[in-house]
Amino acid sequence: MSLAAEAFVSQISAADPWPENATLYQPLGEDQILLSDCASSLAVQAYLRMCNLPVQVCCRPNAEYMSPSGKVPFVHVGNQVVSELGPIVQFTKAKGHSLSDGLDDIQRAEMKAYMELVNNMLLTAELYIQWCDYNTAAEISRPRYSSPYSWPLNHILAYQKQWEVRRKMTAIGWAGKSLEQVYEDVSQCCQALSQRLGTQPYFFNKQPTELDALVFGHLFTLLTTRLTSDELREKVKSYSNLLAFCRRIEQSYFEDSQAGSSSRGFSKGPSLF
């Protein structure tokens, strides 16, 4: 099929209503999913709930390899498969569902800048801690990531993933950072988010946007995930308005089901409540 034909098919599919059987795919919840994938999946779930779009969460051991981009989560909607929050946001906009239509151009630019900050700092920090911190990689990341596979494939895939992430850290200048420097980066990111949020219920006053979904996904996962150290959790907990923000979104969008807890699937710390 030509690119023009593919674009035409995508436009037709995007114009169809959002189906009741839309499915979000992520790695196995209880045994496999890692911090960064858990945060990304929760961000997408929060965004779709904020848009009032139903989605069923399906955990698969090979979700990463099923994804068109090689990243999770991804959603299967009709005959379309779309991965990661950014493309999913664009896909839902094409179907007439948007959380940021009420923003002006300056606010949209600001929202995008803060989303870049979260992805560049929090997501990168999560990947670093998973695969570049020796204790976390040995005790949590490699065992969980490889858990669905038998020997020797389990070791091969885990070390391959670790090598890929470490190569990325080298490319972006994070390989030489200490764990303490990464913790400080997370703290500075949280400080910037805390200052922007202030006393508002959401980052742009009374209505959530995709920024709120993204921040919630990462902060809530950092708050409720057990790692080899409590340092990250304590960094987030030191910002009371961010903690209240996470409580607010869980109460508003996840209290009607177990999706706010069991679908995350990672080994969790104490409840926020």
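Two strands pair if DSSP finds at least two bridges between them. In this predicted model, strand β1 (residues 23–26) and strand β3 (residues 74–77) pair over three bridges, in the antiparallel sense. Within that pairing, Thr23 stands opposite His76 in β3. The points below cover the sheet, the helices lying across the sheet, and a pair of helices in contact.

**The sheet**
- Four strands form an open sheet in the order β2-β1-β3-β4, and their pairing is mixed.
- The edge strands, each pairing on one side only, are β2 (56–59) and β4 (80–83).
- From one strand to the next, the twist averages 25°.

**Helices across the sheet**
- Helix α2 (residues 35–50) lies across β1, β2 and β3, and runs at about 170° to β1.
- Helix α4 (residues 85–94) lies across β3 and β4, and runs at about 135° to β4.

**Helices α5 and α8**
- Helix α5 (residues 105–131) and helix α8 (residues 179–197) have axes that come within 10 Å and cross at roughly 155°.
- Angles over 145 degrees count as roughly antiparallel, and α5 and α8 are therefore roughly antiparallel to each other.
- The crossing in which α5 passes α8 is left-handed.
- On the α5 side, the residues making the contact include Glu110, Tyr114, Leu117, Val118 and Met121.
- On the α8 side, the contact residues include Asp185, Val186, Cys189, Ala192 and Arg196.
- Of the residues in the contact of α5 with α8, 15 are nonpolar, three are charged and none is polar.

Methods
Residues are numbered from 1 along each chain as its sequence is written. This is a predicted model: local features need pLDDT of at least 70, side-chain atom pairs count only at pLDDT 80 or more; totals for chains, interfaces and linings use all residues. Side-chain values use heavy atoms; hydrogens and water are left out. Axes are lines fitted to C-alpha atoms, for helices over the stretch in contact, and angles run from 0 to 180 degrees between N-to-C directions. Helices (H or I, at least four residues) and strands (E, at least two) are DSSP runs, numbered from the N terminus. Angles under 35 degrees count as roughly parallel, over 145 as roughly antiparallel, 65 to 115 as roughly perpendicular and the rest as oblique. A crossing is left-handed if the near helix is turned anticlockwise from the far one by less than a right angle, and right-handed if clockwise. Contact means heavy atoms within 4.5 Å. Ala, Val, Leu, Ile, Met, Phe, Trp, Tyr, Cys and Pro count as nonpolar, Asp, Glu, Lys and Arg as charged, and the others, Gly among them, as polar.
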